[in-house]
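Biologist: I am new to this protein. Could you take me through its structure step by step?

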Amino acid sequence: MHRYALFLLLGCSACGAGTPAPPETPAATLERIRALVGAAACSESTQCRTLALGVKACGGPDAYLAWSAAATQEPALRALAARYRAEREAENARAQEASDCRLVVDPGAQCRLGVCVLGAPGAARAD
């Protein structure tokens, strides 16, 4: 009986190991970034930052995201951004993707109505 119980315990310990989770997709990583940034709450523009996202096939970021240094853990955000960039680089290489090669300029960020948004004060906006 004692051996049988030991066998069950050893067998069940392997049950928790399971198969490793599949690697995340760039879309899932981007969602994690957006969730970490959340509402990007701020009380002044000095709390607002921009984060370069992804990578174009010919270099440079795909886009920028406004975030709040007052409300977001920067090391975790930077780690996710690096992961997202690597995933996009791999995706570009796998798909042999081409891009428009246009430079996406960092628009800066500012606090508007308590939320960090893209666009420096006085900057021309195309929306």
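This is a predicted model: local features need pLDDT of at least 70, side-chain atom pairs count only at pLDDT 80 or more; totals for chains, interfaces and linings use all residues.

Biologist: How many disulfides does the structure hold?

Modeller: The structure holds 3 disulfides. With bonded cysteines counted along the chain, they follow the pattern 1-5, 2-6, 3-4.

Biologist: What does the disulfide of C42 join, and what is its S to S distance?

Modeller: C42 is joined to C111, with an S to S distance of 2.1 Å. C42 sits in the loop between helix 2 and strand 1, while C111 belongs to strand 3, so this pair ties together parts that are 69 residues apart in sequence. Both cysteines, C42 and C111, are buried.

Biologist: Is the disulfide of C42 and C111 right-handed or left-handed?

Modeller: The torsion about the S-S bond of C42 and C111 is about 95°, so that disulfide is right-handed. The link of C48 and C116, by contrast, is left-handed, with -85° about the S-S bond.

Biologist: Where do C48 and C116 lie?

Modeller: C48 is in strand 1 and C116 is in strand 4, which covers residues 115-118, so the pair ties together parts that are 68 residues apart in sequence. Their sulfur atoms are 2.1 Å apart. C48 has a relative accessible area of 8% and is therefore buried; C116, with 5%, is buried as well.

Biologist: And C58, buried or partly exposed?

Modeller: C58 counts as partly exposed because its relative accessibility is 41%, between the 20% and 50% cut-offs. C58 lies in the loop between strand 1 and strand 2, and C101 in the loop between helix 3 and strand 3, so parts 43 residues apart in sequence are tied together. C101 is also partly exposed, at 49% relative accessibility.

Biologist: Changing topic: how many residues does the largest nonpolar core have?

Modeller: The largest nonpolar core has 18 residues. Those with the most contacts inside this core are I33, V37, C48, L51, L53, L77 and C116.

Biologist: What does V37 touch?

Modeller: Leaving aside residues up to four places away in sequence, V37 touches L65, A66, W67, T72 and L77.

Biologist: Let us look at helix 3. What span should its residues have?

Modeller: At 1.5 Å a residue, the 22 residues of helix 3 should span 32 Å, and the end C-alpha atoms are 31 Å apart, which agrees.

Biologist: Which residues of helix 3 are buried?

Modeller: The buried residues in helix 3 are L77, L80, A81, Y84, E87, R88 and N92. Because they cover an arc of only 135° around the axis, they lie on the same side of helix 3. P75, A93 and R94 are exposed on the other side of helix 3. The cover over the buried residues of helix 3 includes helix 2, strand 1 and strand 2. Just after helix 3, Q96 has a positive phi of about 50°.

Biologist: And helix 2, which residues are buried there?

Modeller: In helix 2 the buried residues are P26, T29, L30, I33 and V37. Their arc around the axis is only 100°, which puts them on the same side of helix 2. The face of helix 2 turned away from that buried side carries the exposed residues A27, E31 and A35. Strand 1, strand 2 and helix 3 are among what covers the buried residues of helix 2.

Biologist: What follows helix 2?

Modeller: G38 follows helix 2, and its phi is positive, near 60°.

Biologist: One last point: where does Q110 lie?

Modeller: Q110 lies in strand 3. Q110 counts as buried because its relative accessibility is 10%, under the 20% cut-off. A polar atom of the Q110 side chain lies 3.0 Å from the backbone oxygen of G119.

Definitions and conventions:
Residues are numbered from 1 along each chain as its sequence is written. Side-chain values use heavy atoms; hydrogens and water are left out. A nonpolar core is a set of buried Ala, Val, Leu, Ile, Met, Phe, Trp, Tyr and Cys residues joined through side-chain atoms within 4.5 Å. Buried means under 20% relative accessible area, exposed over 50%, partly exposed in between (1.4 Å probe, protein chains only). Contact means heavy atoms within 4.5 Å. Helices (H or I, at least four residues) and strands (E, at least two) are DSSP runs, numbered from the N terminus. The expected span of a helix is 1.5 Å times one less than its number of residues. The arc is that of the directions from the helix axis to the C-beta atoms. A polar contact is a pair of N or O atoms within 3.5 Å; within protein, one must be able to donate a hydrogen and the other to accept it, and residues adjacent in sequence count only if both atoms are side-chain atoms. A disulfide is a pair of cysteine sulfur atoms within 2.5 Å.
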